[in-house]
Amino acid sequence: MLGESKRLLWSMFARGPGAACGRWNRCLSIALSILSASAFAQPAPPATAPVHRFYNTAANTHFYTITEAEKLKVQQTLPAYIYEGAAFNAYPTSAATAQPVFRFYNVRTNTHFYTIDAAEKDFVAATYADYRLEGVAFFAHPSSVAGTLPVYRFYNTATRTHFYTISEAEKNAIVQSQPVFAYEGPAFHAFAAAAVSTVPPSDAARFLAQATFGAKSVAQIDALAQGGYRAWLDAQYATPAGTPHIDYLNAIRNGGDRVDEKHAYEAVWQQFLFNENQLRARVAFALSEIMVVSNIAPDQDTWALASWMDMLYRNAFGNYRTLLEDVTLHPAMGYYLNMLGNDKEDPAAGFKPNENYAREVMQLFSIGLVQLDPDGTPQRNAQGQTIPTYTQADIEEFARVYTGWSFAGGNVNDAHQFDRVAENWTQPMRAWPSHHSMGSKKLLNGVVLPAGQTPEKDLRDALDNLFNHPNVGPFIARRLIQFLVTSNPSPAYVRRVAARFNDNGQGARGDLRAVVDAILLDADARDVSVLAGTTFGKQREPVVRFVNLLRATDAKAANGRNSIWWLDNPDDHLGQSPLLAPSVFNFFSPSFTRAGSIAQAGLVAPEFQITTETQAIGSSNFFKRVIQDRTFGFADIGRLTLDFQPFVDLANQPAQLVDRLDVLFTAGGMSAVTRTALLDMLAALQAQGRSRSERVRAALLLLFVAPDYVIQK
Amino acid sequence: MRRREFLKRGAALGGAAMLGDLGRIAHAVGPVNDYKALVCVFLFGGNDGNNLLIPRDAAGYAEYARGRGQRLALPLQDLQALNLTNTPGRQFALHPRMGQLAAIVNQGKAAALANVGPLSAPLTRAQYRNQSAPIPPNLFSHSDQQFQWQTSITDSPMRTGWGGRLLDLYLAQNQTPVASALSLAGRSTFLNGAQASGFSVSSSGNFGLDFYESDTATDPMSVAFRKILTVQRPHLFEAAWLDTISRSIVTQRLFNGAINDAPALQTQFPNTGLGDQLRTAARLIAARQSLGVKRQVFFCSLGGFDTHGEDQLADQGDNLEDLSGSLAAFYNATVELGVAAQVTAFTASDFGRDLPANGNGGSDHGWGNHHLIVGGAVNGAKLYGRFPTLVVDGPDDSGGGRWIPTTAIDEYGAAFARWFGVSRGELPALFSRAPVTCGLSVRPSRPAQNARR
C-alpha cells in the first residue's frame with residue numbers, strides 16, 4: 001500500500017491536464033445521491049464520530065472534517081463550500097489499534113490532502129513545499145478490522161487533488177464514468193456513517209419551509225434529515241409534471257358536473273394540498289406570481305386557467321426559454337395581455353399593434369426596467385441614475401412581433417378566420433401570416449429582424465433576444481429567491497444563482513432545475529447563523545401559511561377534493577388567492593418596502609404590501625375560524641376537515657405539544673417569549689378544565705399569528 | 001455598496017432636508033380650527049381620459065372622432081354635456097355613463113383638470129423628442145407611473161407620498177394621529193409621509209379581531225396574545241408584523257366607537273367596491289369630532305382601467321358609471337353631513353391612454369390625463385389646465401397619441417395643499433420644487449363653516 005500510494009502521490013505532480021473538470025456538476029450529483037444512500041448503513045461504534053464532507057464549488061474539490069466546530073465555521077464563513085453530509089465515521093481521538101490520519105493543506109491549490117501512512121506523511125512534508133502539515137485530522141484503521149470498510153482514494157487529474165469515499169457504489173460510478181479521476185485504492189479503513197441525520201431536523205424543517213408549503217409531519221422532516229437534501233431534491237425533480245389541473249376538470253366533467261371558475265381554483269389547491277410533488281408546486285406557484293395571469297375580472301376561461309397551471313408545472317424544472325415561449329403562446333396569457341387577436345398595424349384605419357404584452361414580458365417576466373449587474377444590483381450612469389433596459393420605441397417594435405396570433409385550430413391561411421376561429425383555450429396560439437406585421441423590427445442590443453420573416457420566426461428570434469439579455473439571470477434569480485428564501489438576498493447570493501442560470505455547469509443557459517438547486521443549496525439559504533440576525537428571511541405568503549396549516553393537520557374532504565375558491569378578500573379571508581392577483585403586477589411588488597425600520601434599513605418586504613391593518617386582522621380572523629371550526633370549504637361538497645388528533649394526543653404534555661408545534665411550524669426556532677406564552681396559556685386553560693382539543697386549537701391559533709411563524713427565517 | 005449610495009443620495013435630495021423643512025412648516029401653518037378632508041380616488045390601470053372628457057363642439061368632436069377612430073370614438077349624442085363657464089368657443093362632455101357626476105359639475109360643485117401628469121420640468125414636444133429637457137423615468141410603466149403620481153416626485157428616489165407629506169404638517173393638530181391618513185383600499189404610497197403613515201381600514205367597516213377582547217381581558221388566550229404582542233422583537237420583519245397587528249387592535253376600538261357614536265348616514269351608495277369605500281370614508285368623516293381630527297386624507301381606489309383589449313368600451317363604461325355614481329353619492333353624503341365645502345375628492349390614475357385604437361380595439365399606455373375634482377369648495381363647472389390637441393403627431397403628442405402633460409402632478413397637489421392652508425412659500429418643501437399654479441381653484445371655507453365644523 002505504501003509503495004503504491006507514494007507512486008500515485010507523485011503522479012499528482014506530473015503535468016496533468018490543466019483544464020478543470022467540465023463535468024463536475026454531474027459527478028457531484030452522482031456522488032451526492034450515493035452519499036445520502038450510505039447514511040442508512042449499519043450504525044458505527046459509539047466512540048466514533050461523523051467525518052463531514054464539503055464540496056468546494058470554487059475549487060471543484062472536497063474537504064473533510066470531524067470537528068463540529070470547524071464544520072460550523074465552514075458553513076458560516078465559506079459560502080463556496082456546500083455541505084454534503086457525513087462521509088464516514090472515524091475516531092475523533094486516539095483509540096486502540098487506530099492510527100492517526102494526517103491532514104495537509106496545499107497552499108497552491110487551497111485544498112486538503114489526507115493520509116494514514118506515516119511514511120507518506122514524512123515524505124510529503126519533506127519533499128513538497130506547497131504542502132503544510134496541519135496535524136491529525138482523525139483516527140482510523142490502516143487495514144481492515146471488524147466493522148470497518150475501506151475508504152477509497154482518487155486522484156483528480158484535472159484539479160490535482162484527492163477525493164475520498166467509503167461508498168462502494170460511488171467508487172464504482174466514478175471509476176466507470178469519470179476518467180478524470182484516477183483510482184488509487186483504499187486510503188484507510190473506517191466506519192460507514194451512522195444512520196444518524198445527515199442534516200439536523202431543525203435544518204430539514206427550515207429547508208421544507210423554503211422548498212415546499214411547509215413541513216407536513218415529523219416523519220417527513222426525519223426522512224429528509226436522514227436522506228439529505230440531495231436525495232430529496234432529486235426525488236422531487238423526478239416527479240412527473242403530468243396535467244393534474246386539466247385532469248381535475250376532466251374528472252368533474254366526467255362526473256356529470258358543469259365545470260366552472262371555482263373548479264380551476266380547486267384544481268390548484270388540490271395539488272398544493274394532496275400532491276407530494278411539493279417542490280414543483282411551490283416553484284410553479286412562485287412562477288405564477290412572476291408571470292401573472294389573473295381571473296380577478298373574472299373573464300378567463302376555466303380550462304385556460306387549468307392548462308396554464310399545468311404549463312407552469314411542466315416548466316418548473318425545465319428551461320426558462322421554453323417557459324417564456326409557452327407563457328407567450330398560452331391563450332390564457334394571450335387573453336390577459338392581449339396578444340390573442342392582436343392585429344398588425346393599419347395606418348389607414350388608425351390602428352397600431354397592441355403594446356401590452358410587449359411591455360410586460362420585458363418589465364415583469366424577463367429583463368426588468370433597468371440594466372442589472374450580474375449580482376442583480378442596478379447599474380448606474382455617471383450621474384448616479386439607473387439605466388433603462390428599453391424605450392417606448394423598443395416596445396413599439398416588439399409589439400409588432402407579437403401580431404397575428406389567435407386560437408389554434410383554424411386555417412391560418414384564411415385571413416378571415418383570424419378573429420372568427422373557434423376558441424381553443426388549452427393549445428398554444430397559432431399565427432396568421434396575413435395578420436402579422438411583416439416589416440423589419442429593431443430589437444434590443446442591436447438585433448434587427450429582417451422584413452418578411454414568418455410570425456413564428458419573428459417570435460422565436462424576439463424571445464431569444466430577451467432570453468439572452470444579461471439581465472435575465474439576476475432578474476429571475478432574485479425573484480425566485482425572494483419567493484422561496486429571503487426578501488433581501490445578498491448580491492453574492494444573487495450572483496451565484498444567476499451564474500447557474502447563465503450556465504448550469506454543462507454549458508446550458510436557463511436551466512431552472514439548476515437554478516432551484518442553486519437557490520436551495522446555497523450557503524446563504526442553508527446558513528443557520530442568520531437565525532440570530534434581524535433581516536434574513538421573508539414573510540410567509542398567506543396562501544403558503546394556509547396550505548401549511550391544512551397539510552400539517554392532514555385536512556381531507558369526504559369526496560377527496562376540496563372547495564377552496566376565493567380567498568382574496570382581505571377583510572375576512574387571506575388577501576391573496578391563487579390565480580386572483582389584482583393585476584399582472586401580482587399581489588405585491590418585489591421592491592415594496594414597509595415604512596419604518598425596514599425602509600430605513602434600505603430593505604424590501606414584498607409580502608408586506610398586502611399586510612395592511614385590514615388584512616392582518618382579516619386573515620388572523622380567518623385562521624381563527626378555520627382552526628376553531630376544524631373545517632373549511634365554500635361548499636359542503638368538498639369541505640375539508642382538519643385532523644388535530646396527533647396534537648390532541650400530546651395535549652396533556654404541554655411541553656411536548658409546544659415542541660411538536662415548534663418543529664413543524666417554526667423549524668425549531670420558536671422564541672422563548674412565544675414558548676412561555678403558549679405554555680402558560682396551556683396550563684391556564686387546563687386549569688379551567690378546557691378540553692384537550694380546545695387547548696390545542698388555542699395554541700395553534702396563537703402560533704399562526706405569532707411573528708415566529710409568520711416570518712420565515 | 002450601491003445601495004448605500006442610493007440611500008445617501010435620497011437623503012441629500014429629499015429625506016433629511018425635507019424632514020427639516022416640514023418640521024419648520026408644521027410650525028408655520030399654525031393652528032387650524034376647522035375640519036378639512038381630501039379624498040384621492042385612484043383609478044388603477046390607467047383610465048382612458050380621452051373618453052372621460054370629450055369635446056362636443058363640432059370642430060372639437062370631429063377632431064376627437066378622427067383621432068380615436070371607429071373602435072373607440074363615443075357617439076356624440078350619448079355624451080353627458082357639461083356647461084362649463086370658462087371655455088369660450090369650446091364645449092365638453094363627460095362619458096355617456098357619467099350623468100350623475102355631470103350634474104354635479106353643472107351645479108358648480110365639480111370641475112375637470114385637463115392633461116395632467118408627471119413632469120420633471122415644463123416640456124415641449126420638441127424638447128421631448130430631442131431629449132433636451134428632463135423627462136420622468138420609466139414613462140408608460142404602470143408601477144412607476146403609479147409611484148410618480150402618488151409621490152409627485154419624478155426625479156428623486158424619495159419614497160413618500162404627497163398625501164402623507166401634506167398630513168405631516170397637521171399631524172400634531174390631530175388628537176388621533178392614526179386617524180389622519182386612512183386607506184380604504186389597502187396599502188398606498190400616497191398616504192405615507194415622513195411621519196404620517198397610511199392606516200388601512202376595512203371598507204366593510206368591521207375592524208375587530210375575533211379572538212382578543214381587550215387590553216385588560218384576563219382569559220388565558222388574551223393574556224398569552226398580549227404577551228406575544230408586547231415583547232419587542234429584534235428581527236425587523238417580526239417587529240413589522242407585530243406593529244401592524246398592534247396598530248390594528250388599538251385603532252379598531254377607536255374607529256368602531258367613533259362610527260357607532262356618529263349619526264347614521266341616509267345617503268345611498270352604489271353597492272360596489274368603490275361605493276363601500278366611499279361610504280365608509282363618509283362614516284369616518286361623520287365621526288371626525290369624536291376622533292378629534294382637523295385634517296384627514298383618504299385613499300380609495302377602483303381597478304380595471306388597463307383596457308388594452310376589445311372590451312375597452314364596455315369595461316370602461318361599467319367602471320366610469322361606478323365612479324360617477326359613487327362620487328356623486330359621496331358628495332351628497334357630505335352635503336347631508338354639512339361638510340360639503342370641507343371635503344374635496346379628486347381622481348388620479350397611472351396614466352392616460354394613447355389616442356388611436358390598437359390591434360385589439362383597446363388602447364395602450366399613455367401619459368397626460370384628464371381628472372375630476374368634486375366638492376363644495378371646488379370652484380366648479382370649469383375646465384382647468386390646457387386641453388390637448390387630439391392629433392397624433394400634433395403639438396401635444398410625445399408620439400403615438402400620448403399627451404405630454406401641460407400640468408404637473410405637483411401643481412395639481414399644490415391646489416389642495418393651498419386649500420388645506422399651506423402657504424405658497426411653503427409649497428417647495430412639500431413638492432421638492434415650487435409648483436407653478438395650475439389655476440385649479442378650491443376655495444377656503446368661510447368662517448361660518450369653520451365654526452360649524
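User: Is A:Lys121 buried or exposed?

Analyst: The model is a predicted one, and the values here are computed from it. A:Lys121 forms a salt bridge with A:Asp122, in which the closest N and O atoms are 3.2 Å apart. A:Asp122 has a relative accessible area of 43% and is therefore partly exposed. For A:Lys121 the relative accessible area is 16%, and because the limit for burial is under 20%, A:Lys121 counts as buried.

User: How many salt bridges does the structure hold over all chains, and what is the count between chain A and chain B?

Analyst: Over all chains, the structure holds 55 salt bridges. The pair A:Lys121 and A:Asp122 is one example with both partners in chain A, while B:Asp364 and A:Lys352 form another that joins the two chains. Between chain A and chain B, the count is 9 salt bridges.

User: Which residues are linked with A:Lys352 in a network of salt bridges?

Analyst: The network includes residues of chain A and of chain B. Linked with A:Lys352 in it are A:Glu355, A:Arg359, A:Glu396, B:Asp354, B:Asp364 and B:Arg402.

User: Which residue of chain B forms a salt bridge with A:Glu613?

Analyst: A:Glu613 belongs to helix H23 of chain A, and its partner sits in helix H8 (residues 236–261) of chain B, the pair crossing between chains. A:Glu613 has a relative accessible area of 3% and is therefore buried. The closest N and O atoms are 2.6 Å apart, and the residue of chain B that forms this salt bridge is B:Arg247.

User: What area do chain A and chain B bury between them?

Analyst: The size of an interface is often given as the accessible area lost when the parts come together. In this model 60% of the buried area is on carbon and sulfur atoms, and the total that chain A and chain B bury between them is about 6,100 Å².

User: Which residues of chain A lose the most area to chain B?

Analyst: The contact takes 83 residues from chain A and 67 residues from chain B. On the side of chain A, three residues together account for 11% of what that side buries, and these are A:Lys352, A:Glu613 and A:Ile617.

User: Which element gives the largest share of the side of chain A that touches chain B?

Analyst: Across the interface, 31 residue pairs are in polar contact. Several elements of chain A each supply at least two residues of the side that touches chain B, among them helix H14 (356–363), helix H23 (613–629) and helix H26 (672–687). That side divides into 32 nonpolar, 33 polar and 18 charged residues. The largest share, 8 residues, comes from H26(A).

User: What is the radius of gyration of chain A, and what would a compact globule have?

Analyst: Chain A contains 28 helices and 18 strands, and its C-alpha trace spans about 90 × 75 × 55 Å along the principal axes. Of its 713 residues, 60% count as buried. A compact globule with 713 residues would have a radius of gyration near 27 Å, which agrees with the value for chain A, 29 Å.

User: Is A:Leu579, with its positive phi, buried or exposed?

Analyst: A:Leu579 is a residue other than glycine, yet its phi is near 70°. A:Leu579 lies in the loop between strand E15 (556–557) and H22 of chain A. Because its relative accessibility is 8%, A:Leu579 counts as buried.

Methods: Residues numbered from 1 in each chain as written. Chains lettered and ligands numbered in written order. Predicted model: local features only at pLDDT ≥ 70, side-chain atom pairs only at ≥ 80, totals over all residues. Heavy atoms only, no water. Contact = heavy atoms within 4.5 Å. Buried area = accessible area lost by both parts, 1.4 Å probe. Salt bridge = Lys/Arg side-chain N within 4 Å of Asp/Glu carboxyl O. Polar contact = N/O pair within 3.5 Å; in protein donor to acceptor, adjacent residues only side chain to side chain. Helix = DSSP H or I, 4+ residues; strand = E, 2+ residues; numbered from the N terminus. Nonpolar A, V, L, I, M, F, W, Y, C, P; charged D, E, K, R; others polar. Rg over C-alpha atoms; globule rule 2.2 N^0.38 Å. Buried < 20%, exposed > 50% of the residue type's maximum accessible area, 1.4 Å probe, protein only.
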